[in-house]
Every structure is written in C-alpha cells, then in structure tokens.
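The stops below follow one another.

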Amino acid sequence: MTIDNTASATQTFPVGTMEPEYTLNEALDTDEAGTFAEISDEDRAHWMRARAFVQEDVLPVIGEYWDNSEYNLDLVARMGELDLLRDGVEVPGYPPMSKMAAGLISMELSRGDGSISTVAGVQGGLAMRSIAMCGSDEQKQRWLPDMAAGKLLGSFALTEPAHGSDSIGLETSAVPVEGGYVLNGEKKWIGNGSMGGITVVWARSSQDGKVLGFVVPQDSDGYTATTITGKLSLRAIHQAHIRMENVFVPTENVLPKAQSFKDTSAVLFATRIGVAWAAVGHAQACYESAVQYAAQRKQFGRQLAASQIVQERLARMLSELTQIQTLVMAMARKEEAGSLTGSQASLAKFTATRTARQIAANARDLLGGNGILLENRVARHFADVEAIHTYEGTETVQALIIGKSITGISAYN
C-alpha cells in the first residue's frame with residue numbers, strides 16, 4: 001500500500017505560528033512634561049554623546065556579556081575615549097563637566113545597562129571623587145587623568161562583610177609604621193576591586209580611631225581580591241571580596257584630606273543623587289520597551305496597544321516616569337545651586353529607585369513570557385534595578401534619613 005503525501009507536502013505553512021522579531025531598543029521621547037527642555041546645549045551634548053554610545057556600542061552586545069557574567073573592558077575604554085567615566089570630577093587636562101551633565105550621563109548609561117552605569121559610578125563617582133576631594137595635587141595628577149581615560153581602573157572599598165548599612169562601624173585597621181601604614185581587614189561588594197588597578201580603601205586608625213583614606217595598588221603584597229560570582233544583578237561588572245593582610249601603604253598614597261568618616265560621607269553624598277538619575281534611566285528603558293512591544297505584539301487579532309488595559313498600564317508607567325524625572329531634575333537644580341541637603345538627596349534616591357522597580361515590574365509583566373528573555377531588554381533592567389535599590393544606602397536607611405529630617409528625631413543612633 002502506497003501513502004500519498006503530496007497533499008500534505010504542498011500545504012501552506014501556518015506562518016501565524018511564527019513569532020516576529022521585536023525591536024525594543026529604540027530611544028523614544030519620554031519627556032512628556034518638558035522636564036529636560038531647558039537644559040543647556042553643553043549639557044545636552046554630553047547626554048547625546050552618552051546616548052550614541054548606548055545605541056551604537058552597548059545595546060548590540062551587552063545582553064551576551066550580562067548573560068555570561070563577563071566584564072567588557074573594550075566598552076570601558078570606549079567610555080574613556082568619550083569622556084563618560086568621570087561623573088563630573090575635575091581632572092587636569094579635561095574640560096569642565098557640570099553636575100547636570102554628569103547626572104544626564106548616568107541616566108543615559110543606565111538606560112543602556114546597569115553594569116555599564118555602575119562602572120562610571122564606581123570609577124568616577126566614588127574612586128576618582130575620593131582622590132579629587134581628599135587627595136593632594138600630586139595625587140590628582142598621578143592618578144586622575146589615566147582613570148578618566150579608562151586606562152587605570154579604580155575602586156572604592158568601604159563596605160565590609162559585617163558592615164553594610166552601618167559602614168560607619170568599619171573595622172579594617174590602619175596601623176602607622178615607618179614610612180606609611182599597614183592595613184588589615186576585609187571589604188565586600190567592591191566594584192573593580194579585582195581588576196588590577198587601584199583601590200581607595202577606608203580604614204580606621206589604630207592610634208585615634210579616625211577613618212582614613214588610602215590608595216592601594218591591587219598588586220600590593222597581601223592584597224587578595226576574589227571576584228564575586230553567582231550574582232543575579234549587575235552581571236556585566238566584576239565586584240570583589242577583598243582581603244588585606246599586612247598591606248603596606250606608603251605615605252605618598254595616604255589621602256591627606258581624608259581625616260574622618262565625615263570625609264567619606266561627603267563622597268557618598270555626592271554620588272547619592274547619581275543613583276536616583278540611574279533609576280530614571282532604568283525606568284525609561286523599561287517604559288520604552290513596553291511601548292514598542294505593545295505596538296508590535298498582536299494578540300486576539302489586534303495589537304496589544306489597542307487594548308484598554310494595556311493603554312492604562314502604559315499611562316501609569318508614563319505617569320510614574322514623569323514623576324521621578326521631575327523630582328530628580330528639581331534636586332539636580334538644587335545640587336547645582338549648592339543647596340541640596342542630605343535628606344533631599346535621600347528622598348530622590350528613595351523615590352526614584354522604588355518607582356523604577358514598579359515600572360520595571362509592570363513592563364516585565366506586560367511583555368508576558370517574552371519579558372524574561374534578555375534579548376527583549378526588560379529582564380536585564382528588572383534584575384539590575386534590584387541592585388541600585390539597595391546600594392549607596394538601602395531604602396530603609398534612606399527612609400530613616402528622611403524621617404529624621406521630618407521629625408527632628410534620629411531613629412538610628
């Protein structure tokens with residue numbers, strides 16, 4: 001008996017079972033309230049340079065590096081070439097960069113990827129700023145130009161395994177000896193701490209208990225750094241668990257203007273609003289992808305965008321995004337004027353990161369099963385927002401700072 005397969009072989013393949021390729025990475029105009037309309041041409045030029053970097057260099061490759069937990073140093077070098085690493089820090093030989101421009105760059109880099117934004121936050125916002133604020137003129141000249149160019153990676157070692165939110169209780173010791181100090185202790189979650197560059201280490205003097213700052217080359221004897229693995233967030237930057245055993249730091253590597261934890265806090269204060277800017281970037285990326293997916297995805301015979309409930313969700317996301325854009329811009333104006341307070345910076349960080357989480361979760365859900373795929377962008381931001389929600393001070397710590405400002409009563413002393 002012969003079976004005739006001719007009829008089945010000539011049937012048209014049901015193309016409706018095939019999924020289209022979605023384009024979710026395009027930059028959209030999300031400034032519904034005109035929040036950024038009046039920024040200067042100079043600041044906008046910095047912003048657009050960061051956007052071009054994100055669109056041309058980051059988005060085509062970052063998903064693979066994030067998935068494989070690999071740190072793309074070519075992107076870091078490119079950031080140095082484009083002057084995107086210094087977070088507004090003044091560097092010999094570099095033109096001025098306003099605080100507003102630094103914030104816009106942070107926002108745009110985060111719109112591309114949280115790991116890439118964190119590279120700049122660690123390199124410029126923390127390590128370079130520590131040297132710029134607390135170092136001597138000779139130290140600034142020695143390290144800052146190469147750091148700004150991406151030729152020398154820097155890290156900022158404050159957090160310890162047993163001291164996160166209570167970092168003021170740090171126990172890494174600094175014992176004065178002839179010609180310098182000897183450091184002993186451990187640090188954790190130190191971005192760039194295992195990359196072979198330098199680490200700004202904060203340690204407590206054995207003489208008087210003061211918190212001092214030291215620039216430690218990572219090839220120093222006794223300095224051991226292990227890259228932390230198993231992360232579910234910020235996977236495309238390496239963070240380290242550092243152990244220092246009798247690490248000698250010569251006097252010329254001691255930061256002369258770092259004399260107390262207040263000096264450490266001054267560096268952290270300058271970076272807190274940068275995290276708020278970063279949250280806005282993550283939120284914008286998730287909103288953009290949701291809008292584009294809703295326009296391209298068809299269900300029940302029509303675009304998702306034609307559904308009332310989808311339109312309501314997009315409207316809610318845009319409302320929330322506009323709120324944090326407006327808040328962060330207002331605080332940035334105060335920062336430029338020199339009137340930003342610690343509680344105001346905390347309010348910006350507290351509000352922006354929790355709102356970005358809401359937008360990311362909404363976008364993840366709107367994309368359905370496709371929302372957990374790295375190729376569709378949202379999942380990466382959904383995970384990375386969890387990291388910025390807790391670094392540079394957890395939501396609870398920020399709330400207590402704000403609460404003290406409201407009531408005049410400290411709940412954490």
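Start by selecting Glu288, which touches Glu26, Ala27, Leu28, Thr30, Arg111 and Arg377, leaving aside residues up to four places away in sequence (contact means heavy atoms within 4.5 Å). This is a predicted model: local features need pLDDT of at least 70, side-chain atom pairs count only at pLDDT 80 or more, and totals for chains, interfaces and linings use all residues. Residues are numbered from 1 along each chain as its sequence is written, and side-chain values use heavy atoms, without hydrogens and water.

Glu288 lies in helix α8 (residues 261-296); helices are DSSP runs of H or I with at least four residues, numbered from the N terminus. Glu288 has a relative accessible area of 0% and is therefore buried (under 20%, 1.4 Å probe, protein chains only).

Next, select helix α6 (residues 114-134) and helix α7 (residues 137-148), which pack at about 165 degrees with axes 9 Å apart (axes are lines fitted to C-alpha atoms over the stretch in contact, and angles run from 0 to 180 degrees between N-to-C directions). The two helices α6 and α7 are therefore roughly antiparallel (over 145 degrees). To see where they meet, show Gln123, Ala127, Met128, Ile131 and Ala132 of α6 against Gln139, Lys140, Trp143, Leu144, Met147 and Ala148 of α7.

Methods:
Parallel < 35°, antiparallel > 145°, perpendicular 65-115°, else oblique. Buried < 20%, exposed > 50% of the residue type's maximum accessible area, 1.4 Å probe, protein only.
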